[in-house]
Amino acid sequence: MSLSKPAPIEDINEDQLKVGSPKTSAAGVKAVTVALDRGLSAAGVTRTVRSLLRINQHNGFDCPGCAWPESITERRSPAEFCENGAKAVAEENTTREVTPEWWAQHPIATLEDKTEYWLGSQGRITHPMIIREGDTHYTPISWAEAFSTIGDHINKSTPDRCVFYTSGRTANETAFMYQLFARSVGTNNLPDCSNMCHESSGSAMRPTVGIGKGTVSLEDFEHSELIFVVGQNPGTNHPRMLSALADARKNGAKVVAVNPLPEAGLLGFKDPQTIGGVVGEGSTIADHFLQIKVGGDLALFQAFGYLLLQEEARNPGSIVDQEFIDAQTVGFDGYREARATIDWNATEEATGLSRLEISTVANLLAKSKATIICWALGLTQQPHSVPTLREIINLLLMQGNFGKPGAGACPVRGHSNVQGDRTMGIWEKPTEAMLEAFDKEFNITSPREFGVDSTEALERFENDEVDVFVSMGGNFALANSDTEALEAGMRRAGLTVHISTKPNRSHVVHGRTSIILPTLGRTDRDDKHPNGPQFLTVEDSMSVIKSTQGRLKPVSEHLLAEPVIVARMAIATLGEDHPVDWKAMAEDYDVIRDHIANTIPGFEDFNLRVRGKNGFVLPNPPRDSRTFATDIGKARFSVSPFEYLAAPEGHLILQTMRSHDQYNTTFYGLDDRYRGISNGRRVILVHPEDLEAMGFKDRDLVDVISTFKGTERRANKFRLVAYPTAKGCAAAYYPEANALVHRELVARESNTPGFKAMMVRFVPHEQSADKRYDETRSGAHSA
Ligand SMILES: Nc1nc2c(c(=O)[nH]1)N[C@H]1C(S)=C(S)[C@@H](COP(=O)(O)OP(=O)(O)OC[C@H]3O[C@@H](n4cnc5c(=O)[nH]c(N)nc54)[C@H](O)[C@@H]3O)O[C@H]1N2
Ligand SMILES: Nc1nc2c(c(=O)[nH]1)N[C@H]1C(S)=C(S)[C@@H](COP(=O)(O)OP(=O)(O)OC[C@H]3O[C@@H](n4cnc5c(=O)[nH]c(N)nc54)[C@H](O)[C@@H]3O)O[C@H]1N2
Ligand SMILES: [Mo]
């Protein structure tokens, strides 16, 4: 333990930015050494080794890094983790402590000027803390008083003015209790990080294929002939996916990457677990790389549809799976008509791709009998995200790529249990069937009126309509749009409650009263229960349910497990005689699982089946039986107009992305190794020709202005970096750039923020610029 280095005292100094050339392959032995180094510096040798050996193993804990599934065959390697999973674990395992003394030394006025990097590296929070109106510091509070304060605030408010946010690391059992608590209070105000993440995927898929989740299993990658990776950076965000892609290529599959950035993990991969990966060149991942303009994917997939239908006309029966279409779908004729013509000039303008490039990849599609299309946030955070994803579904339907080996739709989820949270009922728009099941099981009356999503919650803060905000994990202030207005609104809210592991910006821009409840993380032992140690469960991106159990000694004896915190909040709010037996659930998580088994489809015999070696897989009609549980019992083709993002004169389209050293709003370090950027985060990557055309040079300091519907947002002091992104586009890091996102810039239907759809221009940085827009506002300032 003594190896643990002290937390950094200095904050980020952006003047030390270094830029090298982007890498052409991901992982390799460097990734392993980086991971170990991070672990050792935060947690020391014993904790690091103990924890790394248990990631994603049977009886171990689920990696908190991402939702990519583990192989459930015997092939599960002894090190089923990746550099970034290891960093996520090290981040949680730290032996650094944020104690009451720490809070006493750090008034809010000081913390306001700190970056998220600094805040997060201070360590694990050890005691429940409170700050009341007029206080300058957080001070300790007993658990009992914390819960009764929360109960009082909720009971003095009206249910609709209470908001219960969830971040996707929350386990199934916790999520189930938490939604039940919100509904028992009387509200469906259950926004979650999914609203900002893959909501567009669900909105596109539910009406078209009857399920809001992916329809492939990991095994499908072994049988696929063609795999698309669209709008996704797996080398950083889902590193274990690279093994599946490399294996698929060995089996003869072709891989097509569609991305404005030449991401290292898309171009090549060095598997750290093979000799070749350690010493050799590694393997190529993508056979074809389409360097698309941000927002051009709808046009691209429409062009594919057109080209495939042309081929079908030349060669009837070669493309269209008519038998499947007749039996299982509606709307094909309308789709065929809509895709009968194409405007190639407009398509090339929208995509930045040539007709030849598009046709070459369309030929691969035409030949493939089993295609998987994977996507992530590059497709979900734009105004036309839902139609874009429906166009992908059209293409898959046309070739019958559902319910057969090696084929299907694969939205690659983010947070390790974001999919499970939704399955458990964390949803502001619940189905009647789900509410009926809860009401019957618990003898309660759930509210029927839909609640707020994350964007609507932001608006509630702005309009002073939030009395109580409870946050199960996460960092709402930094994750959402319109940072400045959101932070101001959060400060005016009555009570903010954060169930957290580490300090973050949302604790600093707190409500008039604010409570921090420190909790156990994934790797921590949860053994203070009458029936002995407890385990939790999660659902991965491919609908596999499995258990997760931490083994490490918690950093403080004062931490409570999340289910216990929810139960005690519920009892303090709803009273001892509420029909739900919260205490029994908190004491023994099998009781929660029995309730889940009784109310959520697919969880029959939950307690029994989850104790099997590999957990179990939830039913998935398209995958299991080629059927579609839409309202009409069939899959739907859809028709969307041609649409893309066109930047006004003098503007670029800005997307926001994650660096290699970050987990959402948490920064592990300041290096984006694969992109060749280190020691800084306030950068904007721009194509060299665009830089020149706009009259700027590499490394110029600029202020950034985004425009939306005639209004502007501004964020100051970013460095321009010449970078081989698609022309007309730019890229900046999340969350530094969130201040530029107007809250009304959202995806239609899903209401997901337009984090990859801003129109920006640059002006030379002005030293004397209006302080209101200063970069310190985003919690990510530079000295
Ligand atoms: N290490 C690590 N792992 C993570 C996370 C993390 O922060 N760190 N976050 C987790 C979470 S919550 C999530 S949701 C996932 C996110 O996983 P990703 O979706 O991979 O995350 P982003 O960094 O947002 O990268 C988006 C990618 O889309 C591309 N892109 C942007 N705009 C477009 C476009 O218009 N079209 C196309 N085709 N591509 C575009 C970008 O260049 C980038 O490569 O990762 C999860 N895993
Ligand atoms: N510009 C831009 N903005 C984005 C995105 C983007 O691509 N671009 N992506 C969006 C996406 S995909 C997502 S998912 C959201 C993420 O939004 P959130 O999920 O709200 O944010 P995180 O950064 O994942 O949350 C980190 C915090 O969770 C707490 N935490 C960590 N582990 C645990 C635990 O085990 N239990 C509890 N109770 N707390 C814990 C810690 O205190 C930490 O500070 O951001 C969104 N925002
Ligand atoms: Mo996410």
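**Domain 2 against domain 4**

Analyst: There are three salt bridges between domain 2 and domain 4. Keep in mind that this is a predicted model.

User: Which side chains meet in a salt bridge, for instance?

Analyst: Arg-743 and Glu-462 do, at 3.1 Å from N to O.

User: And how many residue pairs are in polar contact between the two domains?

Analyst: The count is 13, with both residues at pLDDT 80 or more.

User: Which helices supply the side of domain 2 that touches domain 4?

Analyst: Helix 6 (116-120), helix 23 (454-462), helix 24 (476-479) and helix 25 (483-492) supply at least two residues each. Helix 23 has the largest share, with five residues.

User: How does that side divide into nonpolar, polar and charged?

Analyst: Five residues are nonpolar, six are polar and 11 are charged.

User: Let's back up. Where are the domain bounds?

Analyst: Domain 1 covers 29-93 and domain 3 covers 199-416. Domain 2 is made of 97-196 + 417-619, and domain 4 is 652-777.

User: How far apart are the C-alpha centres of domain 2 and domain 4?

Analyst: They lie 31 Å apart. In terms of contact, 22 residues of domain 2 meet 24 residues of domain 4.

User: How much area do domain 2 and domain 4 bury between them?

Analyst: About 1900 Å², with 49% of it on carbon and sulfur atoms.

User: Which residues in domain 2 lose the most area to domain 4?

Analyst: Tyr-117, Asp-482 and Glu-484. Together they make up 30% of what the domain 2 side buries.

Conventions: Residues numbered from 1 in each chain as written. Chains lettered and ligands numbered in written order. Predicted model: local features only at pLDDT ≥ 70, side-chain atom pairs only at ≥ 80, totals over all residues. Heavy atoms only, no water. Domains from an automatic or database assignment. Contact = heavy atoms within 4.5 Å. Buried area = accessible area lost by both parts, 1.4 Å probe. Salt bridge = Lys/Arg side-chain N within 4 Å of Asp/Glu carboxyl O. Polar contact = N/O pair within 3.5 Å; in protein donor to acceptor, adjacent residues only side chain to side chain. Helix = DSSP H or I, 4+ residues; strand = E, 2+ residues; numbered from the N terminus. Nonpolar A, V, L, I, M, F, W, Y, C, P; charged D, E, K, R; others polar.
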